[in-house]
Amino acid sequence: MEMDKKTFRKFGYKFVDWVTDYFSELEAYPVCSRVKPGDIRDKLPPEPPIHGESMDKIFLDFKEVILPGITHWQHPSWFAYFPASNSPPSILAELLTAGMGAQCMIWQTSPAAAELEEHVLEWLRQMLGLPEGMAGVIQDTASTATLVALLTARERATDFESNQKGIKRPLVVYASEETHSSIEKGVKIAGYGKENLRYIATDDSLAMIPSELEEAVEKDKERGLQPACVVATLGTTSSTAVDPLGPIGEICQRHGLWLHVDAAYAGTAAILPEKKWILEGVENSDSFVFNPHKWMLTNFDCSAYYVKDPGALIRTFEIHPEYLKTGLDEQVKNFRDWGIQLGRRFRALKLWFVIRSYGVEGLQRIVREHIRLAQMFKGWVGEHNNFELMAPVEFSLVCFRLNDGRDEDALDGLNRKFLESLNQTGKVFLTHTALKGKFTIRLAIASRLTQERHVREAWELIKEKAEELLK
Ligand SMILES: *Cc1c(COP(=O)(O)O)cnc(C)c1O
């Protein structure tokens, strides 16, 4: 049965109330859901309802069945992975977006969506300090943006023939051994083949060593392979290491390689004058991606993708079916040709709301505070005898482990147990990685609601659990 206007309005208000209260009550929830596999499905009827149900009943089930199975990403004690912070202006924009339900594949299917996307990405370009002339488009995720970059790099490396005839000879992609898994996925899907992805060694700070890159490129050339693309990471997922763009870009120039920059998380930090150095050399990049859905308070999903040469991008992806032709195609941007999907969500609206509501200065303040809290935490870890810092802290991620001097294998087991004991409390959620083969605990501070007291409480808990374990 069609929901009447009165009910829609009633629940609309009710849900906004619920979200508002959710934010203030978040601390009462265990950060990580405690359900076991199958628990949620066991509570759902095996068959769909034949007759429509009341929103009262649906909402009740949302609270009783779904909510216990939710891991609370907006929790102030969320320190896992990287965050996916949302914010009130972003949520309100999502509501309007859902209400309009526009499908923004081409300019004509919503001129405001196309033009706002172009415009807001130009604002963002200025905010980060990316080179003038780089053009932006919103992709769903960094993984998709990187796939788009790899496909465009493939086409440019083969004079746009691979799209027509398939790949003729092996093309090679280079990334550091700390690169994100989406590079491997993209290399596989884009037809390079995993065998043709070279993992370049990293230095003590876990950043790519440029001389190792150049050596690998030359070796592949000697073997008759065709180097095509380098992916540099600004802020690796494991430890936020920063690959040196300057020297890497020069190598790419020398050898005619596409340079794609993956700044999914740390890109946001470039809105701070004191972090602009991470972009040194970015003028030699062909494409650049960062995720406002990670550290810029914009609801998942929203990934900002920039290219130096939109022509190459469009040549890789454009299609001209008769049913999508309009008389305006010469004058406007049709973003369907800037990526993989045809149908597109109106994602620019939430980004516009966020930037306007916080202002550049407001966003800077939040990012700067997260970095300050991470430095504070780093200081505590560094001063404590039973803890060891595992990587430099450039942004808001601290990598550390318990180390009481036992041998390496035993340390891995100890830290695994330690992390489990922390997360089992439900008071915090942290995740792990391996750095140079060593089990490492990551504490990422970038949730909008995280305040100093949450970081202090986390540290107290960490010390307490460590003492229990070492006793
Ligand atoms: C998070 C992350 C990604 C993947 O981001 P998605 O938007 O989830 O695809 C890629 N690269 C790096 C460095 C990341 O931290």
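## Strand β2 and its partners

In strand β3, Y199 is the bridge partner of A175. Strand β3 covers residues 197-200 and runs parallel to β2, joined to it by four bridges. Strands and helices are DSSP runs, numbered from the N terminus (strands E, at least two residues; helices H or I, at least four). The model is predicted: local features need pLDDT of at least 70, side-chain atom pairs count only at pLDDT 80 or more, and totals for chains, interfaces and linings use all residues. Residues are numbered from 1 along each chain as its sequence is written, and side-chain values use heavy atoms, leaving out hydrogens and water.

β2 also pairs with strand β4 (residues 226-233), in the parallel sense, over five bridges. Here V173 has C229 of β4 as its bridge partner. How many of the six residues of β2 (residues 171-176) are buried? Six of the six are, so the strand is largely enclosed by the rest of the structure. Buried means under 20% relative accessible area, exposed over 50%, and partly exposed in between (1.4 Å probe, protein chains only). Both faces of β2 are covered. L171, V173 and A175 are buried on one side, and V172, Y174 and S176 on the other.

## The sheet

Seven strands make up an open sheet, with mixed pairing, in the order β1-β7-β6-β5-β4-β2-β3. Pairing requires at least two DSSP bridges between two strands. β1 (135-139) and β3 are the edge strands, each pairing on one side only. From one strand to the next, the twist averages 20°.

Strand β5 (residues 258-262) and strand β6 (residues 287-290) run parallel, joined by three bridges. V261 stands opposite F288 in β6.

## Helix α6

Helix α6 lies across β1, β2, β4, β5, β6 and β7 (303-307). It runs at about 175° to β5. Axes are lines fitted to C-alpha atoms, for helices over the stretch in contact; angles run from 0 to 180 degrees between N-to-C directions.

The axes of α6 (residues 142-157) and helix α12 (residues 310-317) come within 9 Å and cross at roughly 95°. The two helices are therefore roughly perpendicular. On the α6 side, V148, L151, T152 and E155 make the contact; on the α12 side, A312, L313, T316 and F317 do. Contact means heavy atoms within 4.5 Å. The residues of this contact divide into five nonpolar, two polar and one charged. Ala, Val, Leu, Ile, Met, Phe, Trp, Tyr, Cys and Pro count as nonpolar, Asp, Glu, Lys and Arg as charged, and the others, Gly among them, as polar.

## Around N163

N163 sits in helix α7 (residues 162-165). Its relative accessible area is 36%, so N163 is partly exposed. Neighbours within four places in sequence aside, N163 is in contact with R154, E155, R315 and T316. L151 is 12 residues away along the chain, and the C-alpha atoms of N163 and L151 are separated by 9.1 Å.

## Nonpolar cores

The largest nonpolar core has 69 residues. Such a core is a set of buried Ala, Val, Leu, Ile, Met, Phe, Trp, Tyr and Cys residues joined through side-chain atoms within 4.5 Å. L124, L128, L213, V230, L279 and F288 have the most contacts inside it. Helix α13 (residues 348-383) gives the most to this core, with eight residues. Another core, of 30 residues, lies apart from it, with A153, A175, V231 and F335 among its members.

Neighbours within four places in sequence aside, L128 is in contact with G267, A270, I271, K276, L279, F288, F290 and M296.

Terms used:
Parallel < 35°, antiparallel > 145°, perpendicular 65-115°, else oblique.
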